[in-house]
Amino acid sequence: MDKRFFFEKYGLSERDLEKYLGAALSAGGDYADLYFEYLTCTSLSVDESMVKSASQGISAGCGVRVVTGERTGYAYTDDLAPEKILHAARTAALIASGPAKTPIVSLKDKARPSLYPVTNPASDAELARKVELVFRADKAARAYDPRIKEVRASYADELRRILVIGSDGTFAEDVQPLSRMSVFVIARDGELSAKGNSGGGGRNKFEIFLTEKTPEHFANEAARQAILQLSAVPCPAGEMEVVLGPGWPGVLLHEAIGHGLEADFNRKKTSAFSGLLGKRVASDKCTVVDNGTLNERRGSINVDDEGNSTSNTMLIEKGILKGYMADKLSARLMGLPNTGNGRRESYEHIPMPRMTNTYMLSGDDLPEDIIKSVKRGLYAVNFAGGQVDITNGKFVFAASEAYLIEDGKITAPVKDATLIGNGPDVLTRVSMVGNDLQLDEGIGTCGKDGQSVPVGVGIPTLKIDRMTVGGTGSAQ
Amino acid sequence: MATTVTSVEVDLREMAESVVNRATELGATAAEAVVSEGSEFSTVVRLGEVETLKESGARGLGVRVFVGQHAANTSTSDLSPQGVEQLVRSAIELAKITSEDPMGGIPEAAQLGQIEGDLGLYYDDVYSLSTEERIEHARRAEKAALAVDPRLTNSDGGTFDASIGRKVLANSHGFIGEYRSSYCSISAVPIASDEAGGMQRDYWYSVARTLAKLESPEEVGRIAAERTLRRLGARKLKTQKVPIVFDRQTAGALLGHIFEAANGDAIYRHASFLAGKLGQKPFGSNLTVIDDGTIPGGFGSRPFDGEGVPTRRTTVIENGELKNYLLNTYTARKLNLATTGNASRGLAGTPGIGHGNFYLEPGEKSQEEIIKGVTQGLLVTEFLGFGVNLVTGDFSRGASGMWIENGELAYPVEEITVAGNLGDMFSNLAEIGSDLIWRGSVACPTLRIEGMTIAGE
């Protein structure tokens, strides 16, 4: 794919970049950077067996950041004319008040292998092929069971080109493809209704939707969940043993500990994990990493939005807190390694430490042994998402598919339930870890301070000895 | 090929009309264009020092076309003549791959229009302060919060934000309308620590369309501090069923779920527990819910909706009876009803459904009197998580708040969930407070609800 995109499309030159960064540092400051972004996206969906509409969009702009000490000035423009970028640079410079500095501008990008296809990403496929995917999903979901009454299937892709130039010689360009399919269904049987959801994708070629992640796969999964939920019983309320299935339930890690280990909260000492580096925060069966370098995963990126290579970062090793996820600002102020976790939603946003793919490594237990060990508890295999208060550590996540475990056997499915816990101690109660690590299918989006970024999660089957389950059924 | 980029000056009204005309020339049988521009300023002051300062402006353009009964839409931030031409051509091209949808289309010409007169949505004073004065507002809010008590030892900062925007909508029936809007806000997020090292945070804010109506930074800081301090030493509860009082913030969140359930899009898909209940009485006689997009100065007010239909006042629930769904043109046609002027539209995508000023009619008692009437129960002041299933109405969310003992607030509680079914919950409103206060586009007085389950230890 064409590198040098911005230089050709907008006629940028090295001199222009020096001029912009010079304006950004005209009142001093420790660091300044320019972030150019050009995003194209397509989405379409089938609804009542019709493609009722289709959308395409283009968004382009440049964000200028100036950092001085702990202070950040930021301005952006969606008009890439030189005088507008200069104006943004001068506005961002208002944060500093000192003698001008001279930026070091380099146009040398580090050679790095790409984690995603550099030719023929999903976004290049013909529209007709994308339309065919959603029709296939609609057909498969309806064929699954006559009780499936509503089906909505969507396909969306984007191609994001970025260019980051920093006053410290940082120079990075990347072309980041991203695509996903999702299927939502409602099943009805007399007075009963239930819904089912499924989806996935990544930074892949279009062909993945024809081989591994087919429309039929997602349609069947959504339909299966909805039919199952028709017979769900009220979820019990109270504390109990909880077993989490592999894959997407890793959203527990994301909420319970992931956000708490983002370096900005720890720099400001506003996280329940502040000051716990080197201390035990989980049982010795738990090893957790954040890895932005997995091929074609939704949470992976070659470089972060500050131009740094991403990495495989050890967060918790055998229960001991080993590291935080850092961006440039946190790394410099805290004396930490820069782990390449500086991300932003778009050129309109200031980068901050964010997760990529966060998961727990496999343990030694067999998943069936884990279930067998539970006398009475909950087996949760699908979740609708969660939230955390990083200061007091309390987190919740909502189970969309869960079952009772009675005398070591999985029994009745239960209705939507919320699990709630305390981040710093939930992992200390992990008593069994399965040998079956799975990553999610590629549908996760994380929100922080109003900015959304794509992420991945994963866990093996896990047993947590005690957690509060919020349902409406009688207490156990 | 290297190119020279020059800045584009555009007249938004002319641009909206020319996009509609161009779409028609290229074969659209109906078209609708939105052009918007806006500026934003925000600053965070943390522990007395400026942490971030952000200032910028943005513009964008979106078009929706119909070629016969085939629809498509495109959007762009590139307002150059080439960018605009590409936008329209892509939309026409995209319409070739979409299905024929007999219900698709823009509103009928007779339905279009706008509320005349000044709705009081725009005040240029929100942008009148100097950078230093803006920073000072944020600094004062944080300082006031931290001054309340020595246990307030840290902070996520004080903020001051301001934004102004202008939106133009035009369509191929000849409709053209525009409005401007303004906002400013102050917030404070203090953090308190107790002897055991436990930390709690909470926040408070004020938001207004004009600086003249913004509460003082000191008032915002003081309330933020009180809300944070009262959380220290929070306990868990035993799993149980007791009366639950929801304060205005959390009651407003519950009412927001009623909006989602009355949203025509969820109704025609039977994806809401209110589907098929029009004219029935699914709730108790003390429940009346109104949507009004015409309240002067309201946070949810605007002269016309996202399709150019005048906004209005719609009774959604009256004395427990479901009177109206909230609809845009498409969902109205699907349900064989008339649009209620609730189309919402950003630049990209198909119009959705949004509320105007959405509220629950207040009752007689103050929050204090409602709490006094509870022997043993819970006051919920915050939700965590999103455990709501609109298809069934099943509700289960994380919560924190205060335990009520003999009509008095006894101690803070956290790490619990509250669960029930939205249909049952709004049928069991034991008390509705008199404290309807607008702090956003949804407002709900204090509510006392019976029969919900608290899950804890």
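Let me begin with a term: two residues are in contact if their C-beta atoms, placed from the backbone, lie within 7 Å. What we have here is a predicted model, in which local features need pLDDT of at least 70 and side-chain atom pairs count only at pLDDT 80 or more, while totals for chains, interfaces and linings use all residues. Residues are numbered from 1 along each chain as its sequence is written, and chains are lettered from A, with ligands numbered from 1, in the order in which they are written.

In chain A, of the contacts with a separation of 6 or more, 76% are between residues 24 or more positions apart. Chain A has 10 helices and 23 strands, these being DSSP runs numbered from the N terminus, with helices (H or I) of at least four residues and strands (E) of at least two. Its radius of gyration, taken over C-alpha atoms, is 24 Å, close to the 23 Å that the globule rule gives for 476 residues, so chain A is as compact as a globular protein of that length; the rule is 2.2 Å times the number of residues to the power 0.38.

Turning to the interface, 73 residues of chain A and 69 residues of chain B take part in the contact. On the side of chain B that touches chain A, β2(B) gives the most, with 10 residues. Strand β3 of chain A, residues 71-77, runs parallel to β2(B) and is joined to it by 3 bridges, where two strands pair if DSSP finds at least two bridges between them. Within β2(B), B:T52 is the bridge partner of A:T72.
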